[in-house]
Amino acid sequence: MNRTHLLYFFRNFELAYATKLNWAEYNIGYDHTAAIQIAEPDFMDPLSRLHEIGWGKWKEKEIPFILNSSLPETIIEKTSDGRVKINADILSAGWYLMSGMQEMTDKYRDKYGRFTHSQSLQKKLNITTVPVVNYYFDILKKAIEMSQNVPIDSHRVFSGTVTHDIDEVLSGWKHRIRASLEKKDYVRACFLGISQVFRPFSPWKNLQQIAAYNSSKGVHSTFFFLPRNNKQDSIKNADYPIAHPYIANQLESLKKSNHEIGVHGSYRTHDIANELIADRQQISLKTVSNRFHFLQFDLSKTPQVLASSKFAIDSTLGFQEHIGFRNSICTPFYLYNFEQDSPFEWMEVPLNVMDCTLEFEEYMGLSPERALIEIKNLTQEIIKFNGNICLNWHNTYFSEYEKEAWKNLYKELIDWLIEQNCEFKTLRELL
């Protein structure tokens, strides 16, 4: 295995347990003389060998060991001479999943330029909701403890990052009129247009309500604002100018609160550093967090764009079509710089759950009731490893206008996370 891949695995291991280790003490390697011996991989391209991938049980869960074809029943064993042997190459496999290597080799993208869930290894192996890398970390942790007879202390607690992408604020009244026109109810459309003059309808001017509700629950949250309100490649950015009095007022209010303001990188800023820098300047140069509009992310370009733009955290990497783990990890991690053969210095906070992913028919198509069950099941996997659940709930889904059931689901979910002793942190606080 490439030594930099090994060090990359170790660095993200430390981040997952919020600890610092002296790896030279442990003598981990593939050689038969290593104190902790890792099995050699059987192949390096799991996508071409899907039906050969070996599975094994760890923490009562069947998980794939994506670079090995056959496994003994025991994942870890102690040899007669006191060494510890891990019977699968979890190090190379962990690097493959965390780095997003599959996205570098598969060139297909959807019409928005996104790597899709349907083409992913996670979908093909049905492991989208399983943080496989954290299982690999746990296996290595156990092996080290067996070898050293000393426990590794973890300082991580189960945490939650609640975020809100602010795409639409001012155009709720237009949406209502458009809906009437689509139903050919022209009389109602005219009535709504006239009534807007006398009784303004603004269901999405609710940022203060969201912030107040979150504060009442002890939830520190991150609000991502779109700096542009133009169209790019026929795709709409914000429905508001960032200088609009209402938006300016909300930004000032949030700055004085325990909530965080982040940049919602405008459409097509994910592959042009100067454009993302301009977006950051529109919000504030003190802003450390980003998430790209439409979850645009090109692994061959975007990480360098984020580095050039001086962001400390990104939270874009999730599947648009399905909740879960795009990089098979439930803890914050560093992405891999394929050009420099080293980790990037900014941190990725995986996006696990998004409201429209749950609701839209072309994605999961769930009712709010079923969505809550799916989120709870996903969260139980995160809790196993004191991971971080990252939730994206648009302000349009915290509204009685067409989304009252989803607003209620959000409140029920927050209460349930509190019952699970979730420690809520903004992205900045996760640093």
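Does H2 pass H5 in a left-handed or a right-handed crossing?

## About the model

This is a predicted model, in which local features need pLDDT of at least 70, side-chain atom pairs count only at pLDDT 80 or more, and totals for chains, interfaces and linings use all residues. Residues are numbered from 1 along each chain as its sequence is written, and side-chain values use heavy atoms, with hydrogens and water left out.

## H2 against H5

H2 passes H5 in a left-handed crossing (the near helix is turned anticlockwise from the far one by less than a right angle). The axes of helix H2 (residues 90-99) and helix H5 (residues 132-148) come within 10 Å and cross at roughly 150°; helices here are DSSP runs of H or I with at least four residues, and strands are E runs of at least two, numbered from the N terminus. Axes are lines fitted to C-alpha atoms, for helices over the stretch in contact, with angles from 0 to 180 degrees between N-to-C directions. H2 is therefore roughly antiparallel to H5 (over 145 degrees; under 35 counts as roughly parallel, 65 to 115 as roughly perpendicular and the rest as oblique).

On the H2 side, the contact (heavy atoms within 4.5 Å) includes Leu 91 and Leu 97, and on the H5 side Val 133 and Phe 137 are among the partners. By class, this contact has 11 nonpolar residues, 1 polar and no charged; Ala, Val, Leu, Ile, Met, Phe, Trp, Tyr, Cys and Pro count as nonpolar, Asp, Glu, Lys and Arg as charged, and the others, Gly among them, as polar.

## H1 against H5

H5 also packs with helix H1 (residues 3-17), at an angle of about 95° and with the axes 11 Å apart. H1 and H5 are therefore roughly perpendicular to each other. Among the residues that meet are Phe 9 and Phe 13 in H1, and Tyr 136 and Lys 141 in H5. This contact divides into 8 nonpolar, 2 polar and 2 charged residues.

## The largest pocket

Now to the largest pocket, with a volume of about 1,000 Å³. A pocket is an open set of points on a 1 Å grid over the protein atoms alone, where a 1.4 Å probe fits, with protein on both sides within 12 Å along at least five of seven lines; lining residues have an atom within 4 Å of a point. The volume is the space filled by probe spheres set on the points, which are joined across faces, edges and corners.

Of its 36 lining residues, the closest to the centre are Asp 167, Glu 168, Phe 294, Cys 356 and Phe 360. H6 gives the most to this lining, with 4 residues.
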